[in-house]
Amino acid sequence: MPIKNKPKLTYAEVTPKNLYFNRRNFLRGLSIAGAATVVGERFASILSQPGSIQANSKLVTVKSNYTVDEKVTSENDVTHYNNFYEFGTDKGDPAKNAQNFRTSPWTVSVEGDVKTPRKFSMDEILKLAPLEERIYRHRCVERWSIVVPWIGYSLSTILKFVEPLPKAKYVAFQTFYDAKQMPHSYNTGLDYPYVEGLRLDEAMHPLALLCVGMYGETLPNQDGAPVRMVIPWKYGYKSIKSIVKIRLQSSEPSTTWNRQAPNEYGFYSNVNPNVDHPRWSQATERRLGEIFMHKTLMFNGYADQVASLYNGMDLKKFH
């Protein structure tokens, strides 16, 4: 639930405005070589600045081109109906059991087949690029869907920063896990920590969102605080929560649900109304908070943007 008297961030605390919006004027007065040097030094300075990002903080965003014009799902519904097995298997468990989850300090290691591996603090992640509010459809494999104003920027931003090597073909993600903080994870039937993965070209697609907030604020614990993925053309379990490690590698990574039940959960997990889950049809879905069913759209309605990633693939075999 919203907390009164939340600490508010100025835009400068998140991303220095002049770095992004006055960049053209800035470069006009410099030689190309000199500009590159100054921008590099300024960028390094941003990453070294101490921050004061707190949970439940307001976030200032810029307009995004990646959005849909649809009715947004109630914030109360989205924050109280969750899949986050580390905090329990019932949909209402995470909102109850994640309230004392410690998300600060927090670092995300980006490593593997990259030229410049490094660990990013949350302050650095928040300052790496302007934060965009993107209204995305989000489809869960259990046939319910939501429309959420997520906040973040394309994952490609941080991946380009560490410079993937030519041999990098996949991106593996790992969720934070601490049995003491997550005692409800026992007897859920899953191995922890939770892991997920993408092909590198999927991860570099601009729609793949490194997400730090929703509904104008930083992420609630039950929705994947402090940083998660949102991949709108794939089923929800691919949008891994509470990330602590991103690893680039040459081989296809193991993923939690594919490892648990490979006949039900494929590596790709693209939303496809023509490929049923073994226990139910995927042809229709229900928006959270609504009564009527909707027809499921191929790639969750993002076919124009992402279908080319899978040209020539058998989407029933590679489900």
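1. The structure holds 17 aromatic pairs, where rings of Phe, Tyr and Trp (its six-membered ring) pair if their centres lie within 6.5 Å, with planes under 30 degrees apart counted as stacked, over 60 as edge-to-face and the rest as tilted. This is a predicted model, in which local features need pLDDT of at least 70 and side-chain atom pairs count only at pLDDT 80 or more, whereas totals for chains, interfaces and linings use all residues. Residues are numbered from 1 along each chain as its sequence is written, and side-chain values use heavy atoms, with hydrogens and water left out.

2. Tryptophan 106 and phenylalanine 176 form a tilted aromatic pair, 5.4 Å centre to centre with 45° between the planes. The pair links distant parts of the chain, 70 residues apart, since tryptophan 106 lies in the loop between helix H6 (93-97) and E1, and phenylalanine 176 in the loop between strand E5 (170-175) and E6; helices (H or I, at least four residues) and strands (E, at least two) are DSSP runs, numbered from the N terminus. Tryptophan 106, at 7% relative accessibility, counts as buried, while phenylalanine 176, at 21%, counts as partly exposed (buried means under 20% relative accessible area, exposed over 50%, partly exposed in between, with a 1.4 Å probe and protein chains only).

3. The rings of tyrosine 268 and tyrosine 310 have their centres 6.1 Å apart and their planes at 90°, so this pair is edge-to-face. Both residues are buried, tyrosine 268 with a relative accessible area of 8% and tyrosine 310 at 3% relative accessibility. Tyr268 and Tyr310 also belong to one aromatic cluster, together with Tyr170, Phe267, Phe299 and Phe318.

4. Five strands form an open sheet with mixed pairing, in the order E2-E1-E10-E5-E6, two strands being taken to pair if DSSP finds at least two bridges between them. The edge strands, each pairing on one side only, are E2 (118-121) and E6 (195-199). Strand E1 (residues 107-112) pairs with E2 in the antiparallel sense over 4 bridges, and valine 108 has phenylalanine 120 in E2 as its bridge partner.

5. Phenylalanine 120 also takes part in a contact with a charge, as the charged end of arginine 118 sits over its ring, 4.6 Å from the centre; a charge sits over a ring if NZ of Lys or CZ of Arg is within 6 Å of the ring centre and within 35 degrees of the ring normal. The charged end of lysine 241 likewise sits over the ring of phenylalanine 84, 5.5 Å from its centre.
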